Amino acid sequence: MSPDLFPVSLDPSSDDPEVQWMDMALQLAERGRARAAPNPVVGALVVREGRVVGRGYHRACGGPHAEIEALQGLQDVRGATVIVSLEPCCFHGRTPPCADALIAAGVGRVVVGCLDPNPRVAGQGVERLRAAGIEVRVGVRERASQLKNGPFFINQLQQRSFCTAKWAMSLDGKIATRSGHSQWISHQTSRDTVQQLRDQVGAILVGGRTARIDDPRLTCRLPGGRSPVRVVLSSCADVPLAGQLVQTAHQVPVWIFCQSVPDDREQALRDAGCEVVLCPASGSGIKPVFVLQELYRRGISEVLVEGGAQVLGGFVDAGLVDRCLVFVAPKVLGGAGPSPVGGRGAATVDAGLELSDVSWQASASDQLAIGYNWKH
Ligand SMILES: NC(=O)c1ccc[n+]([C@@H]2O[C@H](COP(=O)([O-])OP(=O)(O)OC[C@H]3O[C@@H](n4cnc5c(N)ncnc54)[C@H](OP(=O)(O)O)[C@@H]3O)[C@@H](O)[C@H]2O)c1
């Protein structure tokens with residue numbers, strides 16, 4: 001079974017049935033992970049006389065919302081309870097407002113995981129339900145419901161892409177050997193999980209040196225999977241023309257973020273199908289915040305930053321890593337191999353990035369740690 005890459009801690013000991021149903025709704029929501037963006041992932045249940053009679057989740061942007069899917073095919077839901085992990089919407093977007101559909105269906109009670117951060121909803125969906133005489137309970141598994149929608153919250157509140165940092169390291173904390181060799185540190189099972197991750201994100205980003213040393217493809221090789229846009233950060237767009245990224249740019253987009261580029265190189269990269277994105281000048285290189293804002297402007301809800309150390313260090317120093325996924329393999333590489341995160345680093349332990357809601361899962365002989373940098 002594929003691991004849940006947005007794990008949230010759910011205390012199974014709760015004897016409140018609405019909490020237990022919300023846990024089911026959150027698990028349903030996860031099924032929409034790969035195709036819901038830029039929309040949120042949402043799960044919903046319809047409960048009548050203590051029995052779940054309808055289930056739904058938001059499968060894909062433009063498709064029915066979770067509540068509508070859960071109501072589908074049910075004859076009479078008057079007085080029923082609807083459990084939904086995110087506040088029902090109250091405006092006409094790609095689909096009509098879900099709050100109106102719930103009112104029209106005559107449901108008696110709605111239980112909401114968390115409010116929608118979108119300013120066009122932000123509590124107004126709940127108000128509309130209450131104004132129609134529906135009982136509403138808000139904030140059941142609130143933090144878990146927000147964490148599940150980390151990308152949607154960051155997109156709405158900060159108008160930038162959500163940033164997931166991912167690396168694979170040895171037990172002694174190295175991402176490559178002293179000669180720069182790094183393929184492969186992690187187990188095949190972990191690398192399969194990375195393919196699942198690539199299918200879920202809109203873009204994947206690496207530094208110029210990783211592009212030159214590793215010559216990666218960064219595509220998604222899952223059957224039916226979708227490859228993310230490949231993004232390279234390189235001050236002068238120094239990405240090998242004969243490398244796999246450039247050679248496949250006509251099939252899967254490659255965006256090269258740089259601060260300057262010689263004319264002939266720019267032309268050659270463009271002819272090969274790459275897009276060269278000139279970034280504002282700054283003494284310390286391209287600012288991570290510019291990268292995340294620009295990616296969001298281009299429709300990317302979530303970017304996977306895969307390294308190497310300098311790039312990861314830049315994003316960590318800027319306080320812009322929202323989620324970390326770290327594979328730890330039972331290997332010891334020793335010597336002067338690089339550690340995963342470079343940059344300026346923390347001066348004191350207290351000043352380091354402390355992740356919350358951390359889960360550890362086995363990934364064959366590796367361990368996968370997932371944690372969040374969540375201040376909302
Ligand atoms: N185990 C893993 O999970 C993993 C994952 C990825 C990489 N790696 C390994 O990591 C090693 C490479 O890491 P690294 O730290 O040496 O290099 P890196 O982070 O991959 O790339 C550094 C380069 O990225 C560009 N860059 C970074 N920040 C920039 C900024 N703010 N503005 C403009 N350009 C910026 C620059 O490219 P230019 O030089 O072109 O200006 C810089 O030289 C390789 O050995 C690779 O195999 C391991």
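Biologist: How many residues surround the ligand, and which are the closest?

Modeller: This is a predicted model, in which local features need pLDDT of at least 70, side-chain atom pairs count only at pLDDT 80 or more, and totals for chains, interfaces and linings use all residues. Residues are numbered from 1 along each chain as its sequence is written. A residue is near a molecule if its C-beta atom, placed from the backbone, lies within 6 Å of it. The ligand is surrounded by 30 residues, and the closest are Gly207, Gly208, Gly285, Gly307 and Gly308.

Biologist: Which element gives the largest share of the shell around the ligand?

Modeller: Helices (H or I, at least four residues) and strands (E, at least two) are DSSP runs, numbered from the N terminus. Two or more shell residues come from each of strand E6 (162–170), strand E7 (203–207), helix H8 (208–214), strand E11 (302–307) and helix H12 (309–317). The largest share, five residues, is given by H8.

Biologist: Where does Gly308 lie, and what is omega for the cis peptide bond that joins Gly307 and Gly308?

Modeller: Most peptide bonds are trans. Gly308 is placed in the loop between E11 and H12. The bond joining Gly307 and Gly308 is cis, with omega of about 5 degrees.

Biologist: In which loop is the place of Pro38?

Modeller: Ala37 and Pro38 are also joined by a cis peptide bond, with omega of about 10 degrees. Pro38 has its place in the loop between helix H1 (17–30) and strand E1 (43–48).

Biologist: Why does H3 count as roughly parallel to H4?

Modeller: Axes are lines fitted to C-alpha atoms, for helices over the stretch in contact, and angles run from 0 to 180 degrees between N-to-C directions. The axes of helix H3 (residues 98–105) and helix H4 (residues 124–131) come within 9 Å and cross at roughly 20 degrees. Angles under 35 degrees count as roughly parallel, over 145 as roughly antiparallel, 65 to 115 as roughly perpendicular and the rest as oblique. The crossing angle therefore makes H3, relative to H4, roughly parallel.

Biologist: Which residues of H3 and H4 make the contact?

Modeller: Two residues are in contact if their C-beta atoms, placed from the backbone, lie within 7 Å. On H3 the contact is made by Ala99, Leu102 and Ile103, and on H4 by Gly125, Arg128 and Leu129.

Biologist: What distance separates the centres of domain 1 and domain 2?

Modeller: Domain bounds come from an automatic or database domain assignment. The protein chain is divided into domain 1 (17–153) and domain 2 (160–372). Taken over C-alpha atoms, their centres are separated by 34 Å.
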